Amino acid sequence: MQRPFVILAHVAHPAILEGFLPAVHKRGLPIVVITDHAQEHRRLLATSHISPDRLHIIECDVFNPLAVIEVLNGQGFDPVAVFSNSDHLQTATAIVAEAFDCPGKDWRLCYAAKNKAAMRERMQRLGLPGPWFQVLTSNAQLPDDAPWPVVAKPREGVASLDVRLCHNAAELSIYCEQFWQQQPDRALLLEAYMEGPLFTLETLGDGRNLQAIGGFDVTLSPPPHFVELAARWNGPLSCSQRAGALAQVAAFGVNFGVCHSEFILTAQGPVLVEINYRSIGDGREFLLDRLLPQGWFDRIVALHLGGSLVDALPAKSSATVHYLVADRSGRLDQASASFNVEREGHWCDYRALHLTGDTVTISHSNKDYVGVLRLIAPDDVSLETQLNSTLSDLKWVVA
């Protein structure tokens with residue numbers, strides 16, 4: 001039997017369903033999806049182009065690497081690769097990959113990247129620039145020495161959920177009380193607020209070398225929340241700061257597979273804010289797959305199959321992503337439908353994330369997106385023209 005490509009998944013996600021699974025299938029490899037949401041994956045993959053005899057979906061406690069190892073051994077699967085694109089599953093995936101001698105990440109680095117406090121502690125040990133920080137649990141006293149304002153966030157959070165700028169002890173106390181009412185056992189991380197614009201670095205690594213593919217200049221909503229509103233590929237900020245950003249990611253230890261890192265450009269230089277040891281998301285992964293001459297998903301799959309890095313070919317076009325964000329909770333009385341328009345040198349794709357009649361509940365995170373608009377154009381001028389024209393046609397109304 002041909003050795004399968006194993007994918008660990010939590011909820012069914014477009015990047016897996018529409019990106020990585022087709023990339024593996026094109027290589028003719030059997031696929032094993034291990035997930036704690038098997039029925040959801042079976043339903044969504046029932047109409048895919050993947051042959052049923054080449055796709056196995058197995059229910060398992062995917063957060064438990066020992067359970068995953070036992071399931072694979074019990075069903076006679078000897079993986080050629082073990083992969084996940086989930087924030088939550090990188091550590092478990094790395095342990096399973098190591099158990100089957102597959103190419104993979106260091107599970108210790110995966111843990112340090114996911115746990116924001118462990119990340120800050122590792123950066124401190126390595127002498128990398130970083131802000132004042134402190135872990136806060138529900139039974140601990142608020143710090144006396146906090147350099148106000150501070151940013152409070154869940155220690156293992158994602159998607160800017162529950163991230164808040166607090167200007168003083170009173171605001172922090174209110175935030176903590178509200179957070180722990182909803183999530184009493186979760187630890188918080190406090191960080192000194194770093195003022196400056198945000199940019200990203202997207203990297204690929206083969207375990208020996210690390211390669212900067214590019215980055216996005218990101219526009220954020222005003223504090224106290226930090227919702228990403230737009231992102232311009234290879235904007236002036238990410239281009240000018242790339243070398244310094246890559247040096248920090250490499251010094252942290254990242255060297256295998258895909259990694260999405262975020263930086264704040266402070267007055268003292270770029271400071272690493274967050275490491276997401278997986279592909280960039282929120283629709284930007286599909287933009288990169290179309291924009292980059294060598295694609296995106298297939299290159300990542302190749303690394304997990306033991307391939308070496310090849311010289312990256314730069315994009316010859318300009319690209320941007322713009323997010324339509326609900327400004328209040330309520331029912332969508334009007335919402336533009338998805339569409340895709342392509343002509344020579346131009347690509348315009350709008351994906352509606354909510355439909356008319358849906359209820360939107362504001363979380364002050366990227367969960368508030370009504371839709372995502374992705375654009376590619378030959379140059380910056382035509383890109384800006386197309387962006388303004390398209391945005392004027394997109395409508396949504398929250399009752």
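The structure holds 16 salt bridges, where a salt bridge is a side-chain nitrogen of Lys or Arg within 4 Å of a carboxyl oxygen of Asp or Glu. What you have here is a predicted model, so local features need pLDDT of at least 70, side-chain atom pairs count only at pLDDT 80 or more, and totals for chains, interfaces and linings use all residues. Residues are numbered from 1 along each chain as its sequence is written, and side-chain values use heavy atoms, with hydrogens and water left out.

**The whole chain**

- The chain has twelve helices and 21 strands; these are DSSP runs numbered from the N terminus, with helices being H or I of at least four residues and strands E of at least two.
- For 399 residues, a compact globule would have a radius of gyration near 21 Å, and the chain agrees with its 21 Å (taken over C-alpha atoms; the globule rule is 2.2 Å times the number of residues to the power 0.38).
- Along its principal axes, the C-alpha trace spans about 60 × 50 × 45 Å.
- Of the 399 residues, 52% count as buried (buried is under 20% relative accessible area, exposed is over 50%, and partly exposed is in between, with a 1.4 Å probe and protein chains only).
- Among contacts with a separation of 6 or more, 65% come from residues 24 or more positions apart (a contact means heavy atoms within 4.5 Å).
- The domain assignment, which is automatic or from a database, gives domain 1 (5–102), domain 2 (132–192) and domain 3 (198–398).
- Between the C-alpha centres of domain 1 and domain 2 there are 35 Å.

**Charged pairs**

- Asp298 and Arg27 form a salt bridge, with their closest N and O atoms 3.1 Å apart.
- Since Asp298 sits in helix α11 (residues 297–304) and Arg27 in the loop between α1 (14–26) and β2 (31–35), this pair ties together parts that are 271 residues apart in sequence.
- Asp298 is partly exposed, at 36% relative accessible area, and Arg27 is partly exposed too, at 38%.
- Lys153 and Glu191 also meet in a salt bridge, at 3.3 Å from N to O.
- Lys153 is in strand β6 and Glu191 in strand β8 (residues 188–192), so they link parts that are 38 residues apart in sequence.
- Both Lys153 and Glu191 are buried.
- Asp333 and Arg331 pair up at 2.6 Å, N to O; Asp333 is partly exposed at 40%, as is Arg331 at 43%.

**A buried lysine without a partner**

- Lys114 is in helix α5 (residues 107–114).
- Lys114 is buried yet has no salt bridge, and the nearest side chain of opposite charge, Asp87, is 5.3 Å away (Lys and Arg count as positive, Asp and Glu as negative, and His and the chain ends are not counted).
- Leaving out residues up to four places away in sequence, Lys114 touches Asp87, His88, Arg155, Glu156, Gly157 and Val158.

- Most residues other than glycine have a negative phi, and most peptide bonds are trans.
- The bond from Trp148 to Pro149 is cis, with omega near -5°, and Pro149 lies in the loop between β5 (133–136) and β6 (150–154).
- Pro223 and Pro224 are joined by a cis peptide bond with omega about 20°; Pro224 is in the loop between β11 (216–220) and β12 (228–233).
- Asp101 has a positive phi, near 55°, and it is exposed at 71% relative accessibility.
- Asp282 has a positive phi near 55° and is partly exposed at 30%.
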